[in-house]
Amino acid sequence: MKSLLTNKWLKSFGITATLMVIICFMTGPSGSNTDPVAGFSGSLFNSAPFLGLFITRRWVVFLLFALIAFVVQQGWQAYGRQVKVRYAKVMATPRELKSKRPVRLGTYGALLLLALLLPHLVTDPFWQVAMVQQIAVYVLLALGLNVVVGFAGLLDLGFVAFYAIGAYATAWVVGSLPLPPLFGHALNNFWAIPIAILIAMAAGIILGTPTLRLRGDYLAIVTLGFGEIITLFANNLNGITGGPQGSRIIPHFHLSLGPLKYVWGNGPIPYYYLILGFLILFLVGFSFLEHSRVGRTWTAIREDEVAAESLGINPLKYKVMAFAIGAASAGFSGVMTASQQNFVFPTTFSLFFSINILVLVIFGGLGSIRGVVFGAIVVQTITMYLLHSPPSGYQPADLYMYIGAMLVGMMIFRPAGLLPATRRKREIVQLREEAQ
Amino acid sequence: MGGFIHYFSSHFQTLGQEFWPLLVGGLANGFLYGMVAVGYTLVYGVLRLINFAHSEVFMAGGFASFFVMQHLVGTSSPNGISSVLYILIGILVGGLTGSLIAMAIERVAYRPLRKRNSPKLAYLISAIGASYFLFNFAGKEFGRYSVSMAQPYTNHPLFTIFGAGVQMYDIIIFIAGALMLFGLDRLVTLTKLGRSIRAVAQDAETASLMGVNIDRTIALTFMIGGALGGAAGFLYGMNVGVVYTMGFTPALKAFTAAVLGGIGNLRGAVLGGLILGTMESFSVAFLAPSYIDVTAFGILVLVLLVRPTGIMGERLGRSA
């Protein structure tokens with residue numbers, strides 16, 4: 001019996017099979033509290049096609065999957081190193097090319113061109129709205145969270161709070177809340193941008209200063225609580241936020257420079273370009289920030305706080321700075337969302353939201369700007385696709401189950417993300433080698 | 001200014017009139033917070049990490065005992081000795097489920113990272129991921145709306161103390177909570193397992209040199225904390241009902257309780273729970289019911305500002 005348990009093959013097949021059982025339950029039908037077994041038994045005994053070849057019970061399908069995964073895994077263990085070496089040889093030329101400046105600039109240029117043309121390539125109205133509301137805005141948010149989690153290494157689980165603050169500040173400035181507008185009369189949405197950023201930043205500093213003095217993990221739980229509290233306030237302060245009904249209609253962004261008048265309305269496309277513009281601004285700004293003195297200080301604190309402190313760095317100052325910058329960019333995204341959607345509702349700012357943004361950052365690569373942008377686009381596109389044409393057994397509410405599982409999986413198998421930042425990757429590898 | 005004083009004096013008057021009933025209700029909640037808080041504190045002791053998935057241990061205990069109670073009690077209204085039996089079964093089921101889930105969390109979300117020597121951020125992220133996975137999985141399998149549990153006891157006022165009626169429910173929680181917390185305290189102080197937990201909390205490397213099996217100790221620490229958390233899930237669900245998101249708020253409060261008492265300090269966690277429950281209960285006199293949850297958060301921020309080591313101080317690895 002003991003030799004069976006310590007058998008290497010059996011153990012690794014056991015792990016694969018357990019994983020498959022979990023996936024089998026995750027993708028299966030739902031149960032209810034009157035029939036708690038329904039979901040589980042349906043997941044095992046409903047019929048499903050196996051790779052489109054034949055139809056059989058689900059448990060057989062997943063057993064076959066487990067076998068395939070086991071064979072692949074064993075093969076990888078045996079020949080993985082050779083494959084890696086060969087892959088590196090094949091990729092040597094492209095990698096060398098990639099590091100050349102003109103090639104890099106050309107790639108960025110091509111991507112920018114693609115981004116500019118995208119609304120003309122994607123004409124489906126669902127996807128046009130999704131591109132603005134669910135992808136562009138989320139890229140913006142992910143970039144902001146990346147400064148906090150990626151650059152400074154602080155876990156912020158209440159990102160939604162600052163997003164909500166930004167959105168409600170917009171509604172306030174343009175006079176759509178029960179609370180009278182800031183300067184007595186309604187202002188253009190553009191004024192909301194600096195005001196929302198300032199308020200969100202102030203909230204970040206007020207929340208961050210007491211918490212960041214202590215261990216990093218306290219920040220995580222305090223922000224988690226803060227995210228919940230903000231929703232509570234939004235929902236209950238009827239006289240200020242409009243309560244559960246939300247705000248009145250928020251006007252669109254509009255410009256009137258002498259004879260030039262323009263209103264961002266009529267479909268999502270104008271907003272797409274507006275957000276794209278700001279996005280490029282953020283991208284350039286954060287790239288500079290990463291390699292600036294401040295960015296290097298963040299790296300130093302993240303890697304070894306005591307050493308950084310002994311070099312005369314005040315860690316608290318830089319941590320609060322990162323936290324405030326993250327808060328500000330969430331506030332800014334709130335302005336965009338509020339203006340584009342014309343309303344602010346408390347339900348938009350749910351507990352789940354912060355985790356959604358976090359997964360975008362983790363998936364692409366903590367601290368890697370291109371990774372985060374890539375991760376946000378990929379994950380949000382998949383999410384939207386699932387919403388648009390859900391496969392059987394999938395409910396929109398299940399999304400966070402997958403996201404949770406993905407977070408755990410990424411942390412175990414690929415903690416630096418799909419397009420990792422070089423520095424981050426090195427940190428993780430170093431830590432691993434220390435362990436061995 | 002006068003109006004301000006008047007506002008508070010009138011609220012203090014309500015507090016004066018309602019003091020004893022609020023105290024009884026607050027202490028009952030406090031025991032529950034304490035039971036969850038020791039889970040945080042134990043894990044914090046051995047790993048120096050907040051176990052974000054602890055809320056789901058609580059939820060799992062609630063759900064498991066909900067199904068068992070539905071099956072056993074159904075629509076009958078038990079009394080007397082059968083009631084005691086049902087509650088014992090509920091605590092056992094909740095506790096067992098809780099410790100199994102906690103063990104699974106350790107196995108999946110913590111141990112692989114420990115083997116890879118991952119940075120601290122990775123643990124926090126994988127724990128929060130595990131938490132989201134678990135409660136949404138429960139939502140998928142058991143429905144996403146709140147249900148009330150079949151009552152294993154008949155609730156009625158037992159006796160009054162200074163005019164405050166003490167309900168059956170309060171007594172159940174007082175007795176169950178006090179017994180379990182006392183048992184835990186003895187376990188950690190007296191047994192060999194308790195000694196190894198303390199040894200790992202003090203210095204894991206040295207403990208392993210002295211022959212303590214770290215992996216096993218950490219797993220058992222999760223399980224012990226999980227057992228109390230799961231049992232608390234049953235006691236809470238018995239009164240409030242169960243829903244897949246039920247863990248979030250109580251766990252946040254329990255964490256506050258753990259910090260309030262001094263993280264890593266077992267007796268501190270219990271004391272913190274009792275204080276937090278009572279303060280929260282008293283805040284009813286000052287705040288609208290929808291803002292009660294803000295109290296705990298306010299206390300958390302205040303503690304971190306004023307005395308981050310908590311009332312009884314951080315005591316990682318010393319007995320109780």
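Modeller: Gladly! Chain A holds 18 helices and 4 strands. Please keep in mind that this is a predicted model.

Biologist: How do you know that the radius of gyration of chain A agrees with a compact globule?

Modeller: We set it against the value for its length. For 436 residues a compact globule would come out near 22 Å, and chain A has 24 Å, so the two agree. Along its principal axes, the C-alpha trace spans about 80 × 60 × 45 Å.

Biologist: What share of chain A counts as buried?

Modeller: Buried residues are 40% of the 436 in chain A. As for contacts between residues at least 6 apart in sequence, 71% of those in chain A join residues at least 24 apart.

Biologist: Into which domains is chain A divided?

Modeller: There is domain 1, residues 2-80, and domain 2, residues 121-435. Their C-alpha centres are 36 Å apart. The contact between them draws on 5 residues of domain 1 and 4 residues of domain 2. On the domain 1 side, 2 of the residues are nonpolar, 3 are polar and none is charged.

Biologist: Why is Ser32(A) called partly exposed?

Modeller: Ser32(A) has 14 other C-beta atoms within 10 Å. A residue is buried at 20 or more and exposed at 12 or fewer, so a count of 14 makes Ser32(A) partly exposed. You can find Ser32(A) in the loop between α2 and α3 of chain A. Apart from neighbours within four places in sequence, Ser32(A) is in contact with Ala38(A), Phe142(B) and Gly143(B).

Biologist: How do you know that the length of helix α17 of chain A agrees with its number of residues?

Modeller: Helix α17(A) covers residues 399-413, which is 15 residues. The expected span is 1.5 Å times one less than the number of residues. That gives 21 Å, and the end C-alpha atoms are 21 Å apart, so the helix agrees with expectation.

Biologist: Which residues of α17(A) are buried, and what covers them?

Modeller: Among the buried ones are Tyr400(A), Ile403(A), Leu407(A) and Met411(A). Their cover includes α2 and α15 of chain A, together with α3 and α4 of chain B.

Biologist: What makes β3(A) and β4(A) a pair?

Modeller: Two strands pair if there are at least two bridges between them. Strands β3 (residues 254-257) and β4 (residues 260-263) of chain A have 4 bridges, in the antiparallel sense, so they pass that test. One example is Ser256(A), which stands opposite Lys261(A). The strands form a hairpin with 2 residues between them, and Gly258(A) in the turn has a positive phi of about 60°.

Biologist: Now for chain B. How many helices and strands does it have?

Modeller: Chain B has 11 helices and 2 strands, in the order α-α-α-α-β-β-α-α-α-α-α-α-α along the sequence.

Biologist: What makes β1(B) and β2(B) a pair?

Modeller: The same cut-off of at least two bridges applies. Strands β1 (residues 157-161) and β2 (residues 164-167) of chain B are joined by 4 bridges and run antiparallel, so they pair. Pro157(B) has Gln167(B) as its bridge partner. In this hairpin, Phe162(B) takes a positive phi near 50°.

Biologist: How do you know whether Tyr86(B) is buried or exposed?

Modeller: Tyr86(B) has 22 C-beta neighbours inside 10 Å; the cut-off for buried is 20 or more, so Tyr86(B) counts as buried. Tyr86(B) lies in helix α3 of chain B. Not counting residues up to four places away in sequence, Tyr86(B) touches Leu72(B), Val73(B), Pro78(B) and Pro152(B).

Biologist: Finally, how many residues of each chain are in contact with the other?

Modeller: 45 residues of chain B are in contact with 44 of chain A. On the chain B side, α4(B) gives the most, with 18 residues. By class, that side has 30 nonpolar, 9 polar and 6 charged residues.

Technical notes:
Residues numbered from 1 in each chain as written. Chains lettered and ligands numbered in written order. Predicted model: local features only at pLDDT ≥ 70, side-chain atom pairs only at ≥ 80, totals over all residues. Contact = placed C-beta atoms within 7 Å. Nonpolar A, V, L, I, M, F, W, Y, C, P; charged D, E, K, R; others polar. Domains from an automatic or database assignment. Rg over C-alpha atoms; globule rule 2.2 N^0.38 Å.
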